[in-house]
There are 2 protein chains.
Amino acid sequence: MAQKFKVIFQPAGRRGEIEEGTTILKAAQQLGVDLEALCGDKKVCGKCKVRIEEGYFEKDNLESGMAHITPLEPTTDELKHIKPEDGPGIRLACSCEIHGDLKVFVPERSRAGKQVVRKAAKDIIIALDPAVKKYTLTLTPPTLHDMTTGDYERIAAAMEKDYGLKGLKFDYLTLRSTQDALREGEWTITVTVWMDKEIVKVEPGHVDVCYGLAVDVGTTTCVGYLCDLSTGKVINTESMMNPQVPYGEDVMSRITYAMTNPEGLKTMQDAIITGLNEIIDKVVSEVRKDGANPGYSIDDLTIVFNTAMHHIFLGMNPTYIGRSPFIPAVQQSLDIKARDLGLRINPGSYIHVLPIEAGFVGADNVGVLIAQEPYNQDENVLIIDIGTNGELLLGNKNRVCSTSCATGPAFEGAQIKFGMRAAPGAIEKVKIDYETKEPKYKVIGKADWHTHIEGKINAKGICGSAIIDVIAEMCKAGIIDKTGKFVMDIGTNRVRKDAEGKPEYVLAWAEETSINADITVTQGDVRALQLAKGALYCGAKLMMKKMGIEKLDRVELAGAFGSHIDREASLTLGMFPDVPIDKVVVVGNAAGDGARMALLNKGKRIEADERARWVEFVEIATDPTFEKEFMQAMHIPHMKDKYPNLKALLEEQKAPMAANIKG
Amino acid sequence: MAQKFKVIFQPAGRRGEIEEGTTILKAAQQLGVDLEALCGDKKVCGKCKVRIEEGYFEKDNLESGMAHITPLEPTTDELKHIKPEDGPGIRLACSCEIHGDLKVFVPERSRAGKQVVRKAAKDIIIALDPAVKKYTLTLTPPTLHDMTTGDYERIAAAMEKDYGLKGLKFDYLTLRSTQDALREGEWTITVTVWMDKEIVKVEPGHVDVCYGLAVDVGTTTCVGYLCDLSTGKVINTESMMNPQVPYGEDVMSRITYAMTNPEGLKTMQDAIITGLNEIIDKVVSEVRKDGANPGYSIDDLTIVFNTAMHHIFLGMNPTYIGRSPFIPAVQQSLDIKARDLGLRINPGSYIHVLPIEAGFVGADNVGVLIAQEPYNQDENVLIIDIGTNGELLLGNKNRVCSTSCATGPAFEGAQIKFGMRAAPGAIEKVKIDYETKEPKYKVIGKADWHTHIEGKINAKGICGSAIIDVIAEMCKAGIIDKTGKFVMDIGTNRVRKDAEGKPEYVLAWAEETSINADITVTQGDVRALQLAKGALYCGAKLMMKKMGIEKLDRVELAGAFGSHIDREASLTLGMFPDVPIDKVVVVGNAAGDGARMALLNKGKRIEADERARWVEFVEIATDPTFEKEFMQAMHIPHMKDKYPNLKALLEEQKAPMAANIKG
């Protein structure tokens with residue numbers, strides 16, 4: 001039998017054991033990785049470009065003189081397709097055989113299915129008062145009789161006279177282009193003013209369009225919402241995998257990467273800046289077709305992220321937030337010139353970085369805070385922001401506490417055997433018949449459940465929200481018990497043991513898939529989910545204890561799953577302490593909502609700074625009962641027994657927002 | 001007879017007709033150009049590197065298929081010495097023969113004599129209150145009990161508590177290095193604060209040294225004064241030719257260069273930034289030997305220049321100040337991050353650009369204004385700032401007017417046949433015997449007058465201040481008449497006609513020189529000086545008329561000549577309207593003094609902005625009597641007749657400051 005090697009595909013996080021000599025393309029297909037191959041392995045289309053991530057993986061084979069891939073250098077056939085701008089390490093997946101452990105990155109362009117935006121923007125209600133506004137001026141052309149007034153002074157005087165804005169400063173780069181703009185516009189110009197303080201852009205003639213971008217950088221996913229600052233409407237949304245994923249799948253491993261590689265911080269900062277510039281270019285160029293630098297029409301940008309992503313984005317050493325006493329470089333909000341960060345929006349504009357709460361509770365949680373405003377509520381509300389890290393807010397108008405739990409990326413489908421991102425082919429909803437243990441599932445890109453579809457279903461894997469679904473259903477159907485252990489011999493061939501003797505449940509048979517393998521849920525997957533949900537549950541429980549709260553009035557679920565999390569499943573699994581199901585509200589990407597609110601209303605920026613300081617950070621890991629609580633929280637409580645009328649309840653209620661899936 | 005070609009050497013401005021086939025090195029020697037040639041033409045030392053400035057000169061020969069130089073490409077012998085970092089167009093002067101009109105640039109490194117600083121700093125009396133100050137803080141190291149305070153917040157709180165500085169902002173780049181500085185200094189740091197508003201540097205431990213640089217960018221010469229901001233003392237001075245000279249010798253030709261070359265503005269901006277970075281590196285590295293980036297120890301920089309140099313330095317289109325109605329982009333002072341300009345001082349620090357008065361009266365004149373403070377005087381004072389442009393201030397505490405006159409570069413020794421910069425070998429003082437017409441002269445680098453020196457004198461040319469000397473002396477000796485025309489046949493072989501039949505006066509015979517040619521003063525030189533001094537005189541006269549001032553109480557001479565201008569000669573030539581000689585004061589580089597004052601006292605910055613607006617700009621070229629006045633002003637008034645006791649007067653008085661020549 002051929003030797004097998006560990007292969008991990010990034011950014012999907014899909015991994016598996018692959019037989020020696022298999023091509024990378026075949027391995028991708030076996031593991032259900034989304035990798036384009038138009039020519040179907042004929043080595044002519046050049047679409048299956050991947051980057052071999054050497055140096056971030058065990059090198060034992062290389063050290064023993066054996067190459068991980070063959071051929072080691074690109075062939076002439078490959079070189080026909082590989083261009084210098086592709087960067088180093090790029091190969092054609094169809095042309096490289098696996099001969100050692102490998103980590104492979106699939107660039108955005110090589111992915112066949114466009115990711116489904118799981119962080120779609122919902123409508124938010126907020127008074128429009130953006131930090132950046134446009135004013136049109138018509139000046140009297142200068143003559144030899146008033147030649148002692150410069151263009152700057154002429155504009156400043158008109159802004160005071162026409163709009164009451166006194167003592168405006170001029171951004172240096174903006175000032176450089178002002179003379180030409182004035183003359184091109186024949187002394188009519190449109191002036192963009194930041195915070196009533198500084199002129200950050202001067203355009204010839206009358207200009208109406210004023211764009212702002214709200215950005216949410218998650219550990220795994222980044223999303224940008226392009227807003228029209230004159231209407232407040234979201235006019236386009238773009239998302240992508242966080243390009244820092246190759247340097248570490250979670251926050252701690254990226255901090256470690258920065259600590260152990262001399263250029264690590266700069267590499268990761270460059271990666272996220274480059275990635276955000278791609279979002280900027282795409283999000284505008286789909287709306288405006290008229291410029292070589294489409295991003296320059298964006299006049300303002302707000303951004304949220306967790307503390308580690310915040311530090312790396314700003315080029316600040318994340319070492320100190322990774323070790324006790326976990327001190328961040330800065331907590332308050334920052335306004336940084338776009339050009340200082342290399343972000344390709346209007347170079348005179350500022351990037352508004354929302355404040356962070358504490359070492360582990362970042363600007364993204366401040367976004368959730370100002371979007372959900374628990375400080376304006378009478379009831380005790382628990383807000384769970386579920387991403388690669390889980391962040392919790394608990395309290396009411398009198399007091400709000402926050403904490404952070406290391407849930408790991410399981411909720412986002414990573415480190416799950418057949419986990420994948422929300423893209424066409426991903427199983428997104430699951431039901432299991434409690435008697436027969438037969439599943440029904442729905443695949444993204446298909447309108448109906450699989451049992452009603454004729455022809456091939458082509459399932460590829462399971463997306464994050466469906467992991468919760470399927471494990472909750474397995475629990476209800478008695479396939480796993482409350483400790484998460486598989487119950488064997490229950491009269492179905494779907495529950496079986498894998499090659500290593502570990503139990504698994506077959507969700508889709510090979511012939512229903514596009515990967516020619518059974519899609520299964522393993523004991524490992526169940527354990528990963530239990531750890532994740534246990535961390536959340538335990539965090540909430542300990543916060544309640546510290547605050548003396550016996551019972552929650554409401555739970556709000558925010559985060560990467562956005563509008564897709566199944567409330568019943570989350571109750572079934574026990575992701576958080578008891579609360580009536582009609583008091584569980586799915587609020588979507590609240591962090592992104594907060595970033596949008598700060599973009600549309602400058603008062604929200606002040607509120608963010610004030611409330612970020614007002615919220616009390618609670619350290620739960622140091623609680624003496626932490627370990628015991630955590631162990632208990634891993635159990636699955638079988639909520640079905642508690643809520644016999646769950647289904648009826650659910651049907652009475654409509655989801656608070658429509659699913660907003662972007663094709 | 002061999003054909004001759006026009007050759008111009010930059011930045012000295014020396015030019016002449018050179019026989020076909022002469023090497024560039026020989027041509028340089030014939031024209032007295034300061035060009036190093038250690039091996040004496042043996043083609044081995046590689047010191048005589050020059051840049052052929054193609055593209056900025058007539059190309060007729062090249063178009064006809066003939067090369068201006070032979071060989072057209074560097075020989076292998078040359079290539080041994082030419083390195084990639086020398087840049088394009090570099091050749092060895094000893095190895096290239098002239099076969100067409102040429103413009104040649106002599107890089108600083110290829111010049112044998114170090115320029116004498118003619119803009120040496122004089123002592124100025126000013127209260128020390130710099131815009132940038134350093135504060136040392138010792139913080140309590142954070143523990144798990146105060147982990148919700150970031151480094152920024154910790155420092156800001158300490159600055160408020162220890163020094164009463166509230167609400168300090170943090171420069172973004174500075175913030176990036178703060179965490180490491182805190183830990184490296186074991187929680188003792190030194191914080192540099194700009195204008196009590198913003199932290200622009202954080203250094204570990206206790207730091208005393210705080211440097212600032214005052215910069216004066218002249219059309220022809222740039223100088224930087226390194227000041228210790230804790231004592232106010234000038235601790236080092238560096239000067240260089242303005243590296244923009246190859247793109248135009250005067251302001252208008254540089255504006256034209258920017259208008260006619262798509263990359264012209266950028267080229268000239270890059271040139272001055274690169275040049276100033278050289279000054280920054282040199283001026284600090286002579287004082288501190290401890291850093292890879294010596295400039296980073298400079299925490300503040302003030303800069304003055306004329307309006308065209310101001311715009312080009314800032315990358316602003318100078319087109320509009322070059323044509324009616326001559327509107328500048330901005331008049332008020334600017335504070336621009338060093339990194340936005342690419343100046344290699346502390347990147348978080350600001351460059352303070354002094355305000356300008358009007359289209360033609362620049363920040364350099366504002367420097368003169370705040371240094372000389374005519375607005376605090378009872379008397380009517382005329383301040384003449386003599387550089388490539390002449391700028392005038394006239395008035396008293398009630399009213400001060402300003403104007404600008406196009407004097408051309410004659411006062412600086414350019415466009416004068418044997419004119420050269422103030423470097424070893426330059427004639428700097430001249431006396432002529434009124435009977436015999438025999439001259440005495442003093443050469444820079446020699447302690448005594450030439451008549452008292454044994455051995456070779458090695459004169460090379462005439463520096464700017466000596467041009468005024470020699471022409472005033474020629475006038476007094478009756479060699480030229482009051483219209484500037486040579487008087488022939490006065491019984492000396494020193495007055496003769498050149499090859500073209502034009503009269504000239506031999507100041508030094510070939511055997512006294514290092515260039516093996518007679519150093520002469522030509523009719524053209526006299527005319528150039530008459531035009532220059534006529535422009536000044538006429539400007540002053542018209543300002544007096546406009547202000548209703550009949551008589552001046554005092555004249556202050558400022559500018560490039562610094563401490564070297566001869567007051568008697570300037571009176572003899574009639575550079576300005578009548579005033580008693582004891583009321584003529586030489587004030588040195590007042591523009592640079594103003595830049596230093598703004599560096600040492602932030603109140604002076606406010607004063608500069610206020611007074612720049614308060615001064616009235618007078619346009620003299622549009623005065624109907626301008627042409628008539630200008631023609632009259634060209635005449636030389638023979639002041640000797642008016643002041644028979646001139647010499648006695650001069651001896652009674654000591655120069656207001658000691659000559660401060662740096663070897």
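Predicted model: local features only at pLDDT ≥ 70, side-chain atom pairs only at ≥ 80, totals over all residues.
The contact between the chains draws 35 residues from chain B and 34 residues from chain A. On the side of chain B that touches chain A, α4 (151-163), α5 (172-184) and β16 of chain B are the elements that give two or more residues. The largest share, six residues, comes from α5(B). By class, this side of chain B has 19 nonpolar, eleven polar and five charged residues. Of the interface residues of chain B, 97% are also interface residues in chain A, so the copies meet through the same surface.

Strand β16(B) also belongs to a sheet. Six strands of chain B form this open sheet, in the order β14-β13-β12-β15-β17-β16. The pairing is mixed. From one strand to the next, the twist averages 20°. Strand β16(B) runs antiparallel to β17 (residues 350-353) of chain B, and four bridges join the two. Within this pair, Asp335(B) has His352(B) in β17(B) as its bridge partner. Helix α10 (residues 363-372) of chain B lies across β12 (211-217), β15 (298-305) and β17 of chain B. The helix runs at about 105° to β15(B).

Another open sheet of six strands in chain B has the order β29-β28-β18-β19-β20-β30. Its pairing is mixed. At its edges stand β29 (584-588) and β30 (616-617) of chain B. Each has a single partner strand, so one side of each is left without a neighbour in the sheet. For β30(B), a partner is β20 (residues 400-405) of chain B, paired in the parallel sense over two bridges. Ser402(B) has Phe617(B) in β30(B) as its bridge partner. Helix α12 (residues 523-547) of chain B packs on this sheet. The helix touches β18 (381-386), β19 (390-395) and β20 of chain B. Its direction makes about 25° with that of β19(B).

Burial was examined along helix α6 (residues 251-260) of chain B. Its buried residues are Val251(B), Arg254(B), Ile255(B), Tyr257(B) and Ala258(B). Seen down the axis of α6(B), they fall within an arc of 155°, so they line one face of the helix. The face turned away from this buried side carries the exposed residues Ser253(B) and Thr260(B). The buried residues of α6(B) pack against α7 (264-285) and α8 (307-313) of chain B.

In chain A, helix α7 (residues 264-285) contains Asp281(A). This residue has 15 C-beta neighbours inside 10 Å and therefore counts as partly exposed. Along the chain, Asp281(A) and Thr219(A) are 62 residues apart. Their C-alpha atoms are separated by 21 Å.

Notes. Residues numbered from 1 in each chain as written. Chains lettered and ligands numbered in written order. Contact = placed C-beta atoms within 7 Å. Pairing = 2+ DSSP bridges. Axes fitted to C-alpha atoms, helices over the stretch in contact; angles between N-to-C directions. Nonpolar A, V, L, I, M, F, W, Y, C, P; charged D, E, K, R; others polar. Buried ≥ 20, exposed ≤ 12 C-beta atoms within 10 Å, placed from the backbone. Arc of directions from axis to C-beta.
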